[in-house]
Structure formats: structure tokens, C-alpha cells
Amino acid sequence: MDVPLYLEPRLESRLASLLRARTFLHTLTGGLGSPLNVVLPDRMAENLAAFRAVYRRHHLSGGIFFAHKANRSSALVRRLAATEAAVDVASLGELQHALGCGFVPDRIMATGPKNPEFLWLAARSGTTVNIDSPVELDELAALVRDYTLPRIRVLLRLSGFCTPGVRLLIRQSRFGTAEAELDGLLKSVERHRDAVELTGVGYHLDTTSPAEKAVALEGCVKALDTCRARGFAPRAVDIGGGFGTDYLADGAQWQRYTTELTNAALGTRPPMTWRRHSYGLRNENGTLRGALALYPAHRPTAGAQYLDALLSLPAPSMGRPLATLLLENLYELHTEPGRALVDQCGVTLARVLEVRRTEPTDRAEATGRTGAADGEPAFPGSRAGPVPLLVRLDANADDIGLEEHGVLVDPVLVPRAAPGDAPDAGPVACYLAGNLCLEADMITRRAVHLPGAPRPGDLLAFANTAGYCMDFSADEAQQQPVARKVAVWQDAPADAPGREDAPWQWCLDEQYWPHVNRRTKGSA
């Protein structure tokens, strides 16, 4: 049999300890149902501290704004409200939630395209507004005047940056105002001086490329210089998010897996996916076309480390490190981490309902041969392995949005039986199907390899789902219940011996309040 193509999740000490607490996890799902989302608020505070350490290393000040859209959890937002963090809200509901969780307007920034209700509450509460367009600026100024409100702090979101010399291709964004149109935008700000206070500029880029972000950051510094020359006194550059998360424990597994996906698309090895799903690749007469439509699940430089590396890059045209550029001008740095700030902060649990054998989709999948006569090997050096199991879970693809967001990572098997109660059949390949009456409800469209075969009643734990993959798309399709959410923690000092194995406490997500009678909640 071929070596299993594992994509094992990266589990740091706190999350690894939780997944070892098998009885605790089965008790939670037994009482609250499957699927179940579990969040770890204290880990979020640790991630925040790592980002702030990078600021200190580069002698920078500024706000770290959690991108609220990454997760709806009240526990996570309330835990951040108890720190020095700020929050970035992108809807009326998120703004209401942030205010209700303890954030004051000085620590809230409204971003993204905004409807009149969102703008009204932002203006009324005194929240900083990250302006997406000149029309939005006009609407905000009108609200301030109509209701005789104090001036509102605003930042200008820019896009379409360019640099002298070799042109760097930057992916087009539908957000923000093009850098070339800054003059017209500043004229609008000048007309509204009585209603708004310009405090900075920023950018939004849909990319993981440090080079593209370096161009945009330098462009923002130049834009601030232009603003100051026009008589404004801005002080901040907002570089948004996109710092990323490293989902996998082993980068070599990622390299091997993506290589085999490429080989499968070319037809030089047996298929690896349900109905030959190709994740964006295609074979055109023996030539590979397309690109893997996947998140880079192995990112050795991610989160706070990515920010550190970005600030250390030389500015494309000015030559000095980007952090030095900010420091020389006494500019603050604002960041909006979402996925990176909830790294290792959550897990989604799903109960196994059924395990059965699947039939190969065609003879080639069963034998490892396509277009070959009997006895002729179509895949050189390959041997057909067992047909993968089909594992049906008490959850659906909307509850576990890993694949929707292009993240390939294996779940962790949490058996119901004690170790040794049943023979271990060894590694198995499984397709994970959801509980909806839809052919498309596949939680994984690839064959996931597990160290042993799951059985009904076992749990599969999908680690690190707190960033966009937990509840970003969840709904009550076919009246299936949306996953409930609980917050968990360990009441033990950070330096206590054996802290990782301290008993776990829990409460419903909406009942979590930092430092308020946490020891009275449920425990293992």
C-alpha cells in the first residue's frame, strides 16, 4: 500500500491539551450536540501579545484591530476587550456586538462598504471610520452635520499602488480609492473639514505577497506626506490583515501532497479526490493548466512573524526598512489581523454517524489504470490501494468551512472507546460527507488519511477553525441546527508545572465574561 498522504494539523500546547481531553469533549458534544464549536479565548490574548512584541521590536506604536468578521464569538471579542486591543468591524451587527462586548468607540474602527444604518451608528457613537470611497465620505459628513455631531475620525483606504522602475503586478481590489485619485479625495476631505478629522491612510490587498504589501505600505507613507503638505495632520498607516496562519505541523507533507495532486491531475497517478475534483488544475493534452485554488496551508512565516518580516523589508524606492520609514516620520502602525489573531483559538467537533465502503467511480480508480488494456500499467510505479471509506458526519460543509476557504488539513480522531478496546486496523483513507441531502455536501472532496478507521460515535476534531472556517458560512439549511459554541479555559497559572493537563472549564459562548466567576462554570 502507498504511504498515507497525511496533512497533520499544527497543534500547539493549549489546543493539543484540549484534544487529549477525550472524555471532556465527548461530554460536551453529548450535552450540546454535533457539530459543536469550541473557542479558547486565553490563546487569543497570547496571539495579541506576540503581535505587540513585534511593534516593540521595531519601536512602533499603533493599534492592533481584530478583524471581527473572522469569528462571531462573543467570548473571543470580550476577552480582547479586557486587553489593550482594538476591533475592526465591517457591518452594523459587528459594531453593535463590539460595543456590547465592552469596546469603547476609541478602540473600534468601521471598515468595508457601509450602508446608511452602519454609518449612522458609527457617527453617533464616535467610532473611527475607514473611508472606502468618496461617496461614503460625503454620506458620513452629511450625517455629522444633520445631527450636529462631533467631528468623526477617518482614515482613507487606498488601492492601485505603483512604484518606479520595474512594474510590480498587484492584484486589483474592489475596495478603496485608487492612489492616482488621492488629490480628488483630499479635496473632498477639505470640503468636509467641519465634519471629519483625517487621522491616517491605509490599504486593502487580497494577497500574501510581501513585495506587493511593501509597495502599498511605501505608497501610504508617500500619501501621508501629501496629506501633510495639504495642511492635514494624519499620523497612522493602516496595513490591514493578511498575515496568515500555518495550519500544518509538517511542511514536507504539504509539498508531497500538492505534488501528488499535480500528478493526479496529469493522470500519472490514481485519483485522490471525490469524482476527480482537481482544486483548479486540469490536464490539456498532457500539459498542466490552471493553478491550485488552495490557501497555502503550510506557511512557516505567518502571523506576528510575517509582520516582523514585512517591516524589515526595504521600501521599494526609498531603500530603508519599512519600519524605519514609519519611525522616521513618527507615524503609527495600525494592523487588522483576523485569521492570525485567532490562530489555535478554536476547534469544531463533529460526531461520526456512519462508516461504509464506497464503490470506485470507474474501473480506473479501482485498478489504478486509465485507458490501458489489461495487464498494462497506466500509472508507472503505482499500485492501487483500498477504495476509501465514506464517513458521514453529524455536520455539513457549511459548519466546517475549511475546504470552502481552500484549507486542506486533516481532522483529529477522538475515539469514544478507550484505547485498546478495539483493534486498530491501521491507516485508512476516508471521504468525509455531511448531513445534508445534497450530493455537493462533502466536507472534504479529497481522501483524508487517518491513523485508524473511525466508528459511529467517535468524534472528528477539526483544529484551528476559528479563523473564517467555523461560522463564516453556517446556516440552518434543511433545518439542520447550526453549531452551538462554547468557550473553554484552564484555571492554572501560566508557569504552573503540568499546566497543559489542568482540568478544562467551560461555559456557553454567550455566557463568557472575562474574570467573572469563571471558576464556578462547568468542568471536566
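**Close-up 1. Helices α3 and α11 where their axes approach each other in the predicted model.** The axes of helix α3 (residues 41–57) and helix α11 (residues 304–312) come within 8 Å and cross at roughly 20°. Because angles under 35 degrees count as roughly parallel, α3 is described as roughly parallel to α11, and the crossing of the two helices is right-handed. On the α3 side the contact is made by Ala-50, Phe-51, Val-54, Tyr-55 and Arg-57, while α11 contributes Ala-304, Leu-307, Asp-308 and Leu-311.

**Close-up 2. The largest nonpolar core.** This core has 89 residues, and those with the most contacts inside it are Phe-66, Leu-140, Tyr-203, Ile-239, Leu-307 and Leu-326. Helix α9, spanning residues 210–229, gives the most to this core, with 9 residues.

**Close-up 3. The surroundings of Ile-239.** When residues up to four places away in sequence are not counted, Ile-239 touches Tyr-203, Leu-217, Leu-307, Leu-310, Leu-333, His-334 and Thr-335. Among these neighbours, Tyr-203 and Leu-307 are, like Ile-239 itself, listed with the residues that have the most contacts inside the largest nonpolar core.

**Close-up 4. Asn-396 in the loop between β14 and β15.** Asn-396 is found in the loop that lies between β14 (389–393) and β15 (412–414). With a relative accessible area of 1%, Asn-396 is buried, because buried means under 20% relative accessible area. A polar atom of the Asn-396 side chain lies 3.0 Å from the backbone nitrogen of Asp-398.

Conventions: Residues numbered from 1 in each chain as written. Predicted model: local features only at pLDDT ≥ 70, side-chain atom pairs only at ≥ 80, totals over all residues. Heavy atoms only, no water. Helix = DSSP H or I, 4+ residues; strand = E, 2+ residues; numbered from the N terminus. Buried < 20%, exposed > 50% of the residue type's maximum accessible area, 1.4 Å probe, protein only. Polar contact = N/O pair within 3.5 Å; in protein donor to acceptor, adjacent residues only side chain to side chain. Core = buried A, V, L, I, M, F, W, Y, C linked by side-chain atoms within 4.5 Å. Contact = heavy atoms within 4.5 Å. Axes fitted to C-alpha atoms, helices over the stretch in contact; angles between N-to-C directions. Parallel < 35°, antiparallel > 145°, perpendicular 65-115°, else oblique. Left-handed = near helix turned anticlockwise from the far one by under 90°.
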